[in-house]
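Here is a short tour to read with the viewer open.

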Amino acid sequence: MIISTTPSLQGQKIDEYCGIVVGEAVMGANIFKDLFASIRDIVGGRSGSYEEELTRARKLAFNEIEHEARSMGANAVVGIDLDYQVIGDKGSMLMVSISGTAVKTSPL
């Protein structure tokens with residue numbers, strides 16, 4: 001499965017547009033991660049626990065669009081848009097949303 005942010009793929013022609021695919025992952029952060037992230041915010045530095053959650057959420061969302069595209073018979077997803085949001089009370093949830101267009105391609 002080819003996944004790209006571009007609307008076309010070099011060396012490939014788009015034979016069929018199968019539809020829009022969306023993958024979303026919402027991850028909750030626990031009190032300990034929030035506590036250590038708050039300390040990092042005060043003293044500076046990166047929050048490894050939040051970075052791990054974002055990475056995990058992004059991978060889940062990509063897996064969802066790939067699965068959805070395959071179920072449509074597509075072999076690629078083009079025009080990927082990736083968004084991150086903080087949601088929930090007190091910003092306790094992290095959301096990754098990915099959308100794109102599932103397509104069938106063939107070599108030029």
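## Starting at S106

In which strand is the place of S106? The answer is strand β4, which covers residues 93-107. Keep in mind as you look that this is a predicted model.

Is S106 buried or exposed? With a relative accessible area of 19%, S106 is buried, because the cut-off for that class is under 20%. Its side chain makes a polar contact, at 2.8 Å, with the side chain of D15. Setting aside neighbours within four places in sequence, S106 is in contact with G11, Q12, K13 and D15.

## Across to D15

D15, the polar partner of S106, belongs to strand β2. D15 has a relative accessibility of 44%, so it counts as partly exposed, the class between 20% and 50%.

Which residues does D15 contact once neighbours within four places in sequence are left out? They are K104, T105 and S106. For a sense of how the chain comes back on itself here, take D15 and K104: 89 residues separate them in sequence, while their C-alpha atoms are 5.5 Å apart.

## The sheet as a whole

Zooming out, the protein has two helices and four strands, and along the sequence they follow the pattern β-β-α-α-β-β. In the sheet the order is another matter to trace: the four strands form an open sheet ordered β1-β3-β4-β2, with mixed pairing. At the edges are β1 (2-3) and β2 (12-28), each pairing on one side only.

How do the strands run relative to each other? β1 pairs with strand β3 (residues 76-87) in the parallel sense, over two bridges, and I3 stands opposite V77 in β3. β3 and β4 run antiparallel and are joined by ten bridges; there, Y84 has V96 in β4 as its bridge partner.

## S97, also in β4

Back in β4, have a look at S97, which is found in this strand. Its relative accessibility is 15%, so S97 counts as buried. Which residues surround S97, leaving aside those within four places in sequence? S97 is in contact with G23, E24, D81, L82 and D83.

In soluble globular proteins, nonpolar side chains tend to be buried together. Here, the largest nonpolar core has 13 residues, and V21, I65, A69, V77 and I98 touch the most other members. Two or more residues each come from β2, α2 (48-71), β3 and β4. Which element gives the largest share? That is α2, with four residues.

Not counting residues up to four places away in sequence, V77 touches M1, I2, I3, S4, V21, I65, A69, G100, T101 and A102. Among them are V21, I65 and A69, which are listed with V77 as core residues touching the most other members.

## Overall figures

How much of the protein is buried? Buried residues make up 29% of its 108 residues. Of the contacts with a separation of 6 or more, 78% are between residues 24 or more positions apart. The protein exposes about 6800 Å², and carbon and sulfur atoms supply 54% of that area.

Note on methods: Residues are numbered from 1 along each chain as its sequence is written. This is a predicted model: local features need pLDDT of at least 70, side-chain atom pairs count only at pLDDT 80 or more; totals for chains, interfaces and linings use all residues. Side-chain values use heavy atoms; hydrogens and water are left out. Buried means under 20% relative accessible area, exposed over 50%, partly exposed in between (1.4 Å probe, protein chains only). A polar contact is a pair of N or O atoms within 3.5 Å; within protein, one must be able to donate a hydrogen and the other to accept it, and residues adjacent in sequence count only if both atoms are side-chain atoms. Contact means heavy atoms within 4.5 Å. Two strands pair if DSSP finds at least two bridges between them. A nonpolar core is a set of buried Ala, Val, Leu, Ile, Met, Phe, Trp, Tyr and Cys residues joined through side-chain atoms within 4.5 Å. Accessible areas come from the Shrake-Rupley method with a 1.4 Å probe; for residues, only the protein chains shown count as cover.
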